[in-house]
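I open my notebook on a structure that is new to me. I want to look up how its parts touch.

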Amino acid sequence: MPKSRAVPPLEPHALRRACDPASFSFATTEELEDFAEVLGQSRAVEAIRFGVGIERDGYNLYAMGPEGIGRHTIVRRHLEQRATQRPTPPDWCYVFNFEAPDQPRAMSLPAGSVGRFRDDLARLVEDLRTGIPSAFETDEYRTRLQEIESEFEKRHEGAIEAVGAKAKDQGIALVRTPSGFGFAPLRKDKVMSPDEFHALSEARQKKVQDAIGGLEVELAKVIQEVPKMRREAQHKVRELNRQVIGATVTGLIEELKAVYVALPPVVAYLGQVNEDVLNHAEYFRHPKEGEQRTLFGIPIPEPEAESPLGRYQVNVLIEHAADAGAPIVYEDNPTHDNLVGRVEHVAQMGTLVTNFMLIKAGAFHRANGGYLVLDALKVLQQPFAWEALKRAMRSREIRTESLGQMLSLVSTVGLKPEPIAFDQKVVLVGERIFYYLLQAYDPEFPELFKVAADFEEDIERGPESDLLYARVIATIARRNELRALDRTAVARLVEQGARAAGDAGKLSVAMQDLTDMLRESDYFAGGAGRKVVEAADVDRAIEARESRQSRIRERLREEMRKGTLLIDTEGERTGQVNGLSVVQLGEFAFGMPSRITARVRLGSGGVVDIEREAELGGPLHSKGVMILSGFLAGRYAMDKPLSLAATLVFEQNYGGVEGDSASCAELCALLSALADAPLRQSIAMTGSVNQHGDVQAIGGVNEKIEGFYDLCATRGLTGTQGVVIPAANARHLMLRRDVVDAVAAGKFSVHPVETVDQALEILSGIPSGERDASGRFPAATVNFRVERRLAAFAERLGSFAAVPLARRGLRRGKPR
Amino acid sequence: MKIRRIVVGLDIAPHSRSALAAAAALAGELGAELEALFVESDELHRLAGLPFARELGHSSASARRIDPAALERSLRAHADEARRALTALAGPRAVRWSLRVTRGSVTEEVRAAATGADLTVVGISRWGPEAMRLAQEAPVTLVVLPGGGSARGPLVVICPVTVAPEPAVSLACSLARAIGEGLTILAVGDDVEEAARWCAGAASLLARLGRKASLEIVRDWQAEALAVALERLAPRAVAIVAPTPPAAG
């Protein structure tokens with residue numbers, strides 16, 4: 001009788017590492033102190049401290065890890081601690097650029113003072129609005145204006161009259177005509193009539209005409225001088241205006257300069273305002289409630305900043321409270337414009353116009369001098385946002401330009417606001433995949449984000465960490481104003497944490513998930529009228545969550561019960577085994593058995609994976625199947641050709657299959673088919689296999705076992721049913737209590753195996769067999785039968801090869 | 001010194017428009033009837049008839065032939081414009097007005113029309129003897145001088161001390177209300193003491209009326225002597241009260 005390698009099934013205690021409530025010394029979480037640290041994230045926290053503390057270019061942070069770990073909360077908490085110790089950054093505003101009106105000037109003022117500056121400028125304009133018109137209304141101004149105007153008139157008329165006087169001396173009159181001047185000969189101080197003129201001798205007439213010609217030339221010169229005289233007069237009027245309002249304007253502005261004497265840029269700007277006001281005194285003479293401008297009788301709206309006085313306004317971009325500390329800005333919609341700010345437009349007469357008052361701050365402006373937190377995925381999803389972020393970080397300046405301008409799509413005249421220095425630390429929060437992709441594909445990324453804070457998903461489980469976990473639970477419950485939990489509930493949550501980690505020896509630190517579970521347990525405790533959450537409430541919350549998400553699982557089970565999906569849980573069949581797979585639907589994962597079948601025949605095609613041929617199998621699954629050929633050839637056909645044509649299939653699989661966790665089951669089905677050894681359908685199997693036949697660990701072991709258990713339980717547990725799992729997965733077991741209870745009652749079993757031979761023995765009940773000293777497998781073992789079958793195939797194929805091709809109806813090169 | 005009828009002399013000169021505006025404002029203020037006289041200068045007609053008649057443009061200085069027919073049309077257009085301006089100015093003030101077109105010497109025609117008027121208004125290009133000549137016929141003559149776009153401006157009232165202060169001050173105040181911005185009264189009299197008394201009387205009248213005005217004494221009733229004072233005051237308009245007080249009406 002060949003030696004059996006049967007391994008014993010696992011004991012109930014090995015299936016679930018329970019947390020004993022008695023190990024906790026507290027009665028409820030009320031007794032526990034808050035846990036101010038971050039559970040299990042010492043590496044990430046250290047990285048954040050380093051990244052936030054180091055004040056150097058490029059030391060920006062990427063906080064990576066899966067959703068729900070608490071990355072945002074942890075990052076924010078550390079930023080807040082640091083931000084309060086840092087100085088409040090300056091306020092920023094945009095003002096009119098008198099030298100280049102299309103390039104508004106950026107100006108910084110000490111934190112908390114920009115609002116006062118804006119109000120001061122507004123008050124200055126108001127004061128000028130009253131001060132300047134009253135300066136123009138003084139008698140002094142009126143008299144001096146009159147003098148200039150009279151002087152001009154006098155010069156003008158005087159010059160003409162001089163020509164007139166000269167003409168008179170020559171007996172010629174200067175006559176004013178409807179649109180100019182004319183000359184006519186005089187006779188007794190009166191203009192000569194045509195008859196009188198004709199009565200003159202020709203010589204006299206010619207003399208008169210020549211004299212008139214000369215006078216006309218003179219008069220033309222005088223007239224041509226008039227524009228120059230007028231310009232001179234206008235210049236004098238402008239000078240007069242400057243002098244008259246100079247005292248008022250300079251007085252008011254000097255007062256302001258004294259207030260801002262410590263800020264040279266502001267003083268310089270006020271100097272420019274002074275000059276501009278003096279040059280444009282006429283703006284202030286307009287009545288405040290003037291006539292509205294119209295075009296073809298249609299009133300044209302005039303925005304405040306469009307009016308001539310609008311240029312003295314102050315566009316407050318960023319205003320901080322003086323003692324606010326460094327700002328922390330989280331931009332949850334990081335579009336290009338939301339980051340760099342934008343220049344808005346207003347519609348006027350069908351066109352879009354803009355001015356410096358329409359420059360709006362973006363997240364870069366708000367976070368300047370502090371911290372900007374962004375979601376990596378969101379930034380990458382928004383067109384050009386990632387580019388804008390990198391450009392600002394690299395160039396160290398914030399340029400507010402629209403996408404249209406940036407891409408040269410818009411050619412209308414716009415504004416080019418003066419850039420503002422970019423001085424902030426950027427924290428990207430995202431999944432690991434994006435960090436590694438950016439590292440690989442964006443050469444600038446490593447330069448700009450030198451610090452990675454990698455968040456753990458779980459922590460080692462032990463008495464100490466269980467207690468820390470309990471304190472975290474207590475903290476979350478208090479912060480969310482939830483009921484306290486008694487220790488049974490805490491123990492259940494610890495077990496659930498291990499289950500979520502997929503490892504009995506670890507605890508998940510997914511804080512969002514834990515918080516949700518606490519809220520849901522609290523809800524059920526409330527429904528039951530309890531003041532403290534108990535284990536039953538946690539159980540209910542877990543069940544309810546599973547039940548809410550289990551519609552698809554129930555439908556699949558129903559189809560199995562009804563026989564639509566063919567899964568046997570009793571009897572034996574050759575070349576057929578129950579594999580186990582995990583279905584992931586959103587956050588919910590569940591295990592389901594799948595029937596795997598193998599057929600063998602003579603051939604030279606090796607093992608054909610029907611899933612792959614039908615393009616339903618993924619690459620990992622294909623790899624798993626290809627390994628089987630290697631195993632078969634290596635173990636059974638070292639010295640002869642592997643003359644096998646085998647097909648493997650996941651029966652009734654219409655949606656694709658991925659992963660190699662069924663490769664061991666596939667091998668068992670294949671060996672069963674080759675050995676003609678029937679397999680027990682009451683045992684399901686999971687595990688991947690290597691070319692030596694060693695069974696390797698797989699994921700989702702708990703879900704897979706429970707998936708088969710649930711099907712068996714609905715059909716009735718016979719005591720023969722169980723699951724074969726890789727021995728390496730035994731430490732991950734954190735099975736449901738009902739499964740553990742069933743095992744304890746001897747109604748279900750879980751077998752850990754290390755080799756395919758062990759698995760095959762459990763499934764077939766026949767020893768697998770090992771090669772003896774002569775290198776042969778003992779008779780009546782599965783391996784013996786397989787080897788014999790493959791040898792027969794090889795021999796048969798050899799006999800085929802001896803027959804000429806022509807006789808087999810096949811010809812090389814001939815099209816079929 | 002009741003002003004019932006105002007005559008304004010107009011021609012093609014630009015300051016006619018100022019004169020018309022001032023006359024309309026006065027008529028509105030004083031509730032007087034306004035008679036506008038548009039004078040087509042006969043000198044102009046004679047010039048147009050000359051074989052070489054040309055004009056040089058006001059601002060272009062380009063020479064153009066003057067044609068009698070075109071001149072007729074142009075003068076008619078000026079008269080029509082004066083009519084439109086009158087309508088626009090007098091309408092809102094409910095002033096009764098008329099416009100007459102005559103031909104002749106501007107000064108003579110205005111003097112002729114001034115005979116029956118209480119107040120004559122003319123625009124002149126500069127202060128000179130012509131202004132005094134114009135002032136000989138009507139009890140009060142207002143000459144409007146060029147300057148700026150505003151119809152209002154400093155006003156000077158020249159009044160001989162032979163006229164009683166009361167009517168003179170009352171008239172000056174009315175004129176100032178209509179067109180003045182700052183009033184100066186020049187009291188003209190040989191006898192300084194008499195003039196000073198006159199001024200004292202006028203000052204107390206002004207104080208009683210609550211009006212502000214400067215009072216100055218000029219001894220010579222000649223354009224040249226007055227010109228010195230006017231040069232300094234730079235008035236927009238000068239009102240000349242005739243030396244002989246008109247018969248009470």
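Below are my entries on the chain contact, a strand pairing and a helix pair.

**Entry one: the chain contact**

I note at the start that the model is predicted. I looked up how many residues each chain brings to the contact. Chain A puts in 32 residues, and chain B puts in 31 residues.

Next I asked which elements of chain A supply at least two residues each to the side that touches chain B. They are α4 (139–169), β4 (172–177), β5 (180–187), α5 (194–199) and α6 (202–259). I see that α4(A) gives the most, nine residues.

I then sorted the residues on this side of chain A. I find 14 nonpolar, 10 polar and eight charged.

I followed A:Gly180 to its bridge partner in β3(B), which is B:Gly57.

I turned to α3 of chain A, residues 114–136, which packs with α6(A). The angle is about 160°, and the axes are 9 Å apart. Angles over 145 degrees count as roughly antiparallel, so α3(A) is roughly antiparallel to α6(A). I record the crossing as right-handed.

Which residues make this contact? From α3(A) I list several, among them A:Asp120, A:Leu124, A:Leu128 and A:Phe136. From α6(A) I list others, including A:Val244, A:Thr248 and A:Leu256. The residues of this helix contact divide into 10 nonpolar, two polar and two charged.

Key:
Residues are numbered from 1 along each chain as its sequence is written. Chains are lettered from A and ligands numbered from 1 in the order in which they are written. This is a predicted model: local features need pLDDT of at least 70, side-chain atom pairs count only at pLDDT 80 or more; totals for chains, interfaces and linings use all residues. Two residues are in contact if their C-beta atoms, placed from the backbone, lie within 7 Å. Helices (H or I, at least four residues) and strands (E, at least two) are DSSP runs, numbered from the N terminus. Ala, Val, Leu, Ile, Met, Phe, Trp, Tyr, Cys and Pro count as nonpolar, Asp, Glu, Lys and Arg as charged, and the others, Gly among them, as polar. Two strands pair if DSSP finds at least two bridges between them. Axes are lines fitted to C-alpha atoms, for helices over the stretch in contact, and angles run from 0 to 180 degrees between N-to-C directions. Angles under 35 degrees count as roughly parallel, over 145 as roughly antiparallel, 65 to 115 as roughly perpendicular and the rest as oblique. A crossing is left-handed if the near helix is turned anticlockwise from the far one by less than a right angle, and right-handed if clockwise.
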